[in-house]
Each structure stands twice: as structure tokens, then as C-alpha cells.
Amino acid sequence: MQSLRDTTTTTPTGSALPALVGNTPLLRVSAPLTPRGRGFWAKLEGFNPGGIKDRTALHMVERARSRGTLLPGSRIVESTSGTLGLGLALAGMVHDHPVTLVTDPGLEPSMTRLLAVHGTRVDVVTEPHPVGGWQQARRDRVTALLAQEPGSWCPDQYNNPDNTTAYTPLALELAAQLGHVDTLVCSVGTGGHSAGVGRVLRQLYPDVRIVGVDTVGSTIFGQPARPRLMRGLGSSIHPRNVDYGLFDEVHWVAPAEAVWTCRTLAASHYATGGWSVGAVALVAGWLARTDTPDTRIAAVFPDGPQRYLSTVYDDDYCTRHGLLTGPPPPAPEVVGSASEKEVVRWTRCVDVRDPLAPAAGAGTAHAANAADAR
């Protein structure tokens, strides 16, 4: 499918660069992830220069500049596991802001080098936080750097509502491309694109089913936080941009299951991506197999495969981590609630709750929200 972009540029930086973001294509994904004649539509956000978070980086920076909270020439400082860093490098070029990105040793060396050549300053923390892991350690370092440089600004992707409204155009693109959406499948990390796309689609299609995809070892939906191989989804903190009342169900996916799905996509559809793409495609494929054949399923693929050549697509790395174990089960395990047990493989739950909400009201809030939406 052709993209509607004007890629003509007259200068290496400036107002022409944002035209490269958005209007990403759709791909129909079918066999072998689904039987022939069934399938789902993948929104290929890897066609943005840096991935899906180009959208939110530009939007958060532009909104902060318009409010006066980010002054001309001031430094942008943020924590990133990679993709937002690329987006902020782009936003920094467009609006002439220096950018410092705080990351950790788990970031792929190729991504660290890429961020640096895009003109950002990369600051690597060396020890995880005892409770909040690498994410909290990065956030603490951001706080220290902000204090060292008066006038610097942090987008705070985990809690900034502009992170969600940035994805209104993506939702409208899906609506225009598909005409109708019955089911939306999104990975969940900061909560930005699942909330931003999901809210708009629910306004347009009140009966839309919204499915969140997390990784095992993530605490977002109430599981205990554990060390995680998968980057780009999941969290060891509780981002406030996650809209718990929006989700009809959540799936947790293990790294080996995501690897198998990524590689199967690459071999069958000439399109694939990273951990989030594999996890989302696994769940969307199951939904396409088990829902009625005419169900229109949209799955957001946040990025492409380039940064994962030394992990997901590297046989030595996958062998060391026990990730080449063959196909995942044909269906997820099911739990009644996130507190039922610690999940270690692909698992589904339809009781979605905010782990930080009072226990008595959390479940009923989701039920009421779902009922109101329908």
C-alpha cells in the first residue's frame, strides 16, 4: 500500500522532517499465523523514520513549546529504552533543542550508536533501582540531570497526557484505511498509544474490543516485576498513562513466544519487528483464529526489525537465552485475575484492574466503563 508522504526536503532539518511521520501502511497478515481466509491488519509504524514514538515525541515537544514550558534552545532530557529516543532526536532537530537520553546497559549497542550519531547525548545508568529496576534508575538519573541544567525539560512519557493525544492521527488513519474496526490489539509500555488510539476508536465504534499485550515479568497489570529481556513493552513501574478501564482483556507473552512469531512473520510476510511486534502478532493471530471470520482486527506494530538484529534475530543470542523452543501453544492459558498466580507463558485475563486503585472499586470501575462504552 502506497504512503501519502511528500519526502521532498529543501534543508536537512526544519519543517520538512515532520512530513515523514504518519500515513503508515497496512499489511494483511494471514497464514501461517491464521488459517487461510482469516487474518488481521497490521499497522506498520516501523515505516516512520524512528518508529511509532516519532508521533509522540514531536507532539509532546510541540505542545510544551506552545505552553512555554519548553523554552527555545532548552535541553530535552528523558529516559528511554530506544524508540522514544529516536523520536526525540527527530524533534530536537526540527525545533533546535539539544537532547540527552538516559538509558541502561540493556539497550542494544547499535541503538546506542544510532542515537549518538543523530546528535543526542547518551547517558547510561550502571545499577538498577532495588525496587523499580532499570526504569526507576533511569528516571532518577533524569531528575539529577534536570537539576544540573536549569531550564531543561523532561517529556515524562509515562505520565504526560500529551503522550496519549499524540496518537489521535494514528486512530483516524486506521478508521480511514479500514472503514470499521472491531478489535484493536496494542502492546502496553508507557500506555500512550494504547490509550490514545483506543479512546478515539471507542468514540467512533462503541463496541470495539480493546486488547492489551504485556510481557511476563511486567508489573503494569498487577504481576510481580521481574528482570525482562523484552524491551519496548512492559514496565517495572506503574505508568499513569495506562487507561485500565479501556481494556477488555490483557495478554502476557513470554520472550520465546515473541521470537518465534517475529521470525515466522519475517519468513512469511516480509515484514516483522521487535519484541512488541511479535507479542502483538501472536495475540492478534489467535483472535483471528477464534473470532468470526468477518471480525476486522487491527494490530499496531510499533517498529521494524533493524534494532533487533543482535537479539531477536541472532541465533547465538536466542540460544544463550533459551528462546528457540519452537512454536508457542495454540491458545493462551487463562487466569481469573492478575493476582491468581505469576504467569510465565502466554496468558490471558479479562479482569483488567489498576494495581494502584483501591481493591474494592477497581473491578467495578472497569465493568462500568465497559458498559458505558457499549
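This is a predicted model: local features need pLDDT of at least 70, side-chain atom pairs count only at pLDDT 80 or more; totals for chains, interfaces and linings use all residues.
A pair of aromatic rings is described by the distance of the centres and the angle of the planes. For Phe221 and Tyr244, the centres are 5.6 Å apart and the planes stand at 80°, an edge-to-face arrangement. Both residues lie in the loop between strand 7 (209-215) and strand 8 (249-253), so the pair ties together parts that are 23 residues apart in sequence. Ring pairs also bring in Phe247, giving a cluster of Phe221, Tyr244 and Phe247.

For Trp286 and Trp346, the ring centres are separated by 6.4 Å and the planes meet at 90°, so this pair is edge-to-face. Trp286 belongs to helix 9 (residues 275-290), while Trp346 sits in the loop between strand 10 (333-334) and strand 11 (347-349); the pair thus links distant parts of the chain, 60 residues apart.

The model also contains an open sheet of 3 strands, in the order 3-4-5 and with parallel pairing. Strand 3 (76-79) and strand 5 (121-124) are the edge strands; each has a single partner strand, so one side of each has no neighbour in the sheet. From one strand to the next, the twist averages 20°. Strand 4 (residues 99-103) pairs with strand 5 in the parallel sense over 4 bridges. Val102 has Asp123 in strand 5 as its bridge partner.

Conventions: Residues are numbered from 1 along each chain as its sequence is written. Side-chain values use heavy atoms; hydrogens and water are left out. Two strands pair if DSSP finds at least two bridges between them. Helices (H or I, at least four residues) and strands (E, at least two) are DSSP runs, numbered from the N terminus. Axes are lines fitted to C-alpha atoms, for helices over the stretch in contact, and angles run from 0 to 180 degrees between N-to-C directions. Rings of Phe, Tyr and Trp (its six-membered ring) pair if their centres lie within 6.5 Å; planes under 30 degrees apart count as stacked, over 60 as edge-to-face and the rest as tilted.
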